[in-house]
There are 2 protein chains.
Amino acid sequence: MLKQQLTLLTLAGALALAPAARAQTTEKLDAAALAKIREEGLNRSQVMATAFYLTDVCGPRLANSDGLKRANEWTKSQLTKFGLTGASIEPWGDFGRGWDIEKSYVAMTAPYYHTLIGAPKAWTPGTAGALRKPVVYVKATSEAELEPFKGQLRDKIVVLPVPAPLKPSFEPDAKRYSDEELKKLAEAPAKPAAPAAGTPTDAERLATRKAQAALRTRMAEFFQTEGAAAVLSNRGGTDGTFNTSNGAPYAADAKPVLPELEMSTEDQLRLIRLVEAGVPVEVELETKTRFQNQDLKGYNVVAEIPGTDKKLKNEVVMLGGHLDSWHAATGATDNAAGCAVMMEAVRILQASGLKPRRTIRIALWGEEEQGLHGSRGYVKNHFADPATMVLLPAHEKLSAYFNLDNGGGKIRGIYAQGNEAAAPIFTQWLAPFADLGATTVTLRNTGSTDHIAFDAVGLPGFQFIQDGLDYGSRTHHTNQDTYDRLVPEDLKQASVVVASFVYNAAMRDQKLPRKALPAAVKPQ
Amino acid sequence: MLKQQLTLLTLAGALALAPAARAQTTEKLDAAALAKIREEGLNRSQVMATAFYLTDVCGPRLANSDGLKRANEWTKSQLTKFGLTGASIEPWGDFGRGWDIEKSYVAMTAPYYHTLIGAPKAWTPGTAGALRKPVVYVKATSEAELEPFKGQLRDKIVVLPVPAPLKPSFEPDAKRYSDEELKKLAEAPAKPAAPAAGTPTDAERLATRKAQAALRTRMAEFFQTEGAAAVLSNRGGTDGTFNTSNGAPYAADAKPVLPELEMSTEDQLRLIRLVEAGVPVEVELETKTRFQNQDLKGYNVVAEIPGTDKKLKNEVVMLGGHLDSWHAATGATDNAAGCAVMMEAVRILQASGLKPRRTIRIALWGEEEQGLHGSRGYVKNHFADPATMVLLPAHEKLSAYFNLDNGGGKIRGIYAQGNEAAAPIFTQWLAPFADLGATTVTLRNTGSTDHIAFDAVGLPGFQFIQDGLDYGSRTHHTNQDTYDRLVPEDLKQASVVVASFVYNAAMRDQKLPRKALPAAVKPQ
């Protein structure tokens, strides 16, 4: 109770700066309905069963992969079983090639045999059968530094540097928000304060990133021109955990690249240390990947609980999360967790026999990891194109979109995304969940996931605040983002909080308040 | 300084119970020599270079493997380069078969492709080429529970349970001793207090272990009789880290067993969850292992710094650690660290131009992981057989043996191993290292490594207290015991402390005091 009051106080403090929000109304909450939601979600949860199917059974769900197709089919079928209507796998537009791994084997064979932990980078080709080649360590921070390697790489396996050395970890992998951290978050403005002098501007950072990307492209071309056999790279991770990413564009007409694997940091560093000490190193490599060019479209899975109020049923409350993942694990925390919770939330509403006034629509997005493609495509098709800001009729009818995609941790509150009128509503909606640890409303914007697609066209799109657990340290975009990381009690709690938010939004007399419409975005 | 005084006080408290120790003499410490040791060890250290060769260059050093042979040859040569004399690879007796991995590949191929992290258990055979077989999950805690699997395992890959489910970790991997913990350790008696009522006795624990081993053997025979193709097992670990062990006896006449791999816990649990949910699972497996039956002997590497005092040079101070490791990593903390520190200690003494009165002998033991075989064989050959306690002439001439084998952490003190007369000497020897964190003398016995071989025949054998770092949580007997875990500052500190202890023991007028001789041990 104290925590809850504290949040209310600090929120009131923050809102004192925001006149529009002062005239807050009292939300009518249906205590009986919320009790049903809680009862169903905490005592008859199916969220872990759903998470198991999404992760272990469907497998990795890379954009336009077989795994994502399996997940699309299964979620469509499962949402129908939950009693939702009109479940469909809806194309959002053109994405690019499908890609799946069919074999991945890599080992050091000299100076002695040692299996290496690694996986092909997404959208890279496989090796043509098994290779066994000497290794060359290429450390270059500019094109000029590639010069010494001219003529040295033919039929060699190129090993690239690791971003940082390893050290024993004196910090726990997993953490939860402290009261102090939540208080700070509650008091944070929508946009962070201006960065300290000397901090690179967004434009400077973009320029740096572009320069780095250009160098990477130039290096890749160099290795190819020089006739290298394959590339082993690393983007961090430790203890057998490694980070994964794409190694080539997914566009159907992308230029061919070399086979490239992302390696565990320990293994990559061993190769590097040996080469640097002048020890001849040989690596054996056999990877097989399969491209799919028949269907280049991307898809979202959508399904509805139809509204029951004559006047309001053509209005919609949406909830969702992205169903796609990276390829070297089963994307449990990123983002089977979010999808399982959203599916569980609509299951809870159905199973509780509640009759929402507005229509509730769940969307499981495709191709988020490559740039929120699924949600952006959906928003463009249904609501508005941020490039023109010409609004489609449905734009007027959407009350809000709720997203979950910050790992598997329980919900501690919600990012109001600068929506000062929505914040006090959320504070009242969270009140019944203080005992479950969900108390904090922050005006702060949070980014990098699908609610941004809605926010970009002036629709109320929100992401919940979640305990981080080991999302940042261990699972996010790694080969260890597996079912094992999911904490049943956290996902049950999240399902109940989401179900209640969606239900409240569907029952409210008015749609949720909106921020001012943004201007059309000029294409870059 | 406070910490040092505290330790002295608490030690004095502990020793008040031990009349023999009250009449402690004042140790003569050669401040100039200790300054030289410190200077050489902290400012011109080669310990990380040595550790690199032992781990990355020599590779895994399983008992009687190629890697251990490489390490024997390299350490012999390197100790000679350091200026030691008589370096030799000395057989200690009969061990058993050599075994090396030549290929290790395992992947799930249905319901979708996923490379699995694992390694053959030591001394298991490889598969005859590549296998691709359905998986059966066998969970049995008694022979009776195997019954339902009769007729079910032919040409199948058996998956065994994992010891415990996984959870996100809220504890750091790496830790150092707190002052409080060191104080407790300093006050601890040689033998822990009697266990609480209901705690199993040693005999009961032994009986449990024997019963478990008998069941494992019975299960292995059952799988073989039933015609299973291979076994996948797990002994814990997380995040891509897994524990390793032997899967078959190393005796030359051991009965053949099935190919068996130890798997990462995440991968093993995924297989289990899928099978339990009724999803057909198929695994592809190709391992190749090589047995070596030509040379069944085990070896230790020994080398000396000859003593310079006419009367004392036929007396010996020994230091050492085991050079062998498990096979799925390079045994960095278990125990390349200990060997690198001991080698560095003798290098420091040589490089500092110090002239020890007694002879200093370093021993790098083989086959420790299978039961302290190298050190036990050496002690039996040179000093005494614990079965008879007939003392050989050299028994009288050994002052002490110092061992290091508790990971890569810096030295915080020493286990006096119940030697009440030695404890106050060590307290004085540690005094100059308070600023480096080494302050604690405990009477407590510590076990499980090579000083026990000396202690067992009444010779003063000691193991240092080390900060644990991530030895217990991450590296000990795992596939992630790699060079990356080693902390240079810790190993430098340890080298300096060990060099000073060995030097003090070599310069002291008397040999170190001994405990009473033990009775001959009846063979079990």
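The model is predicted: local features need pLDDT of at least 70, side-chain atom pairs count only at pLDDT 80 or more, and totals for chains, interfaces and linings use all residues. Residues are numbered from 1 along each chain as its sequence is written, chains are lettered from A in the order in which they are written, and side-chain values use heavy atoms, without hydrogens and water.

**Aromatic contacts**
- Over all chains there are 45 aromatic pairs (Phe, Tyr or six-membered Trp ring centres within 6.5 Å; planes under 30 degrees apart are stacked, over 60 edge-to-face, the rest tilted).
- Phe95(B) and Tyr250(B) are stacked, because their ring centres lie 4.2 Å apart with planes at 15 degrees.
- This pair links distant parts of the chain, 155 residues apart.
- Phe95(B) and Tyr250(B) are both buried (under 20% relative accessible area, 1.4 Å probe, protein chains only; exposed is over 50%, partly exposed in between).
- Phe222(B) and Phe223(B) pair edge-to-face, at 6.2 Å and 65 degrees.

**Charge over ring**
- Lys103(A) lies over the face of Tyr105(B), 4.3 Å from the ring centre (cut-offs: NZ of Lys or CZ of Arg within 6 Å of the centre and within 35 degrees of the ring normal).
- Lys103(B) lies over the face of Tyr105(A), at 4.3 Å from the ring centre.

**Strand β16(B)**
- Six of the six residues of β16(B), residues 461–466, are buried (strands are DSSP E runs of at least two residues, helices H or I runs of at least four, numbered from the N terminus).
- β13(B) pairs with β16(B) in the parallel sense over three bridges (pairing needs at least two DSSP bridges).
- β14(B) pairs with β16(B) in the antiparallel sense over four bridges.

**Helix α9(A)**
- α9(A) is largely enclosed by the rest of the structure, because 18 of its 20 residues are buried.
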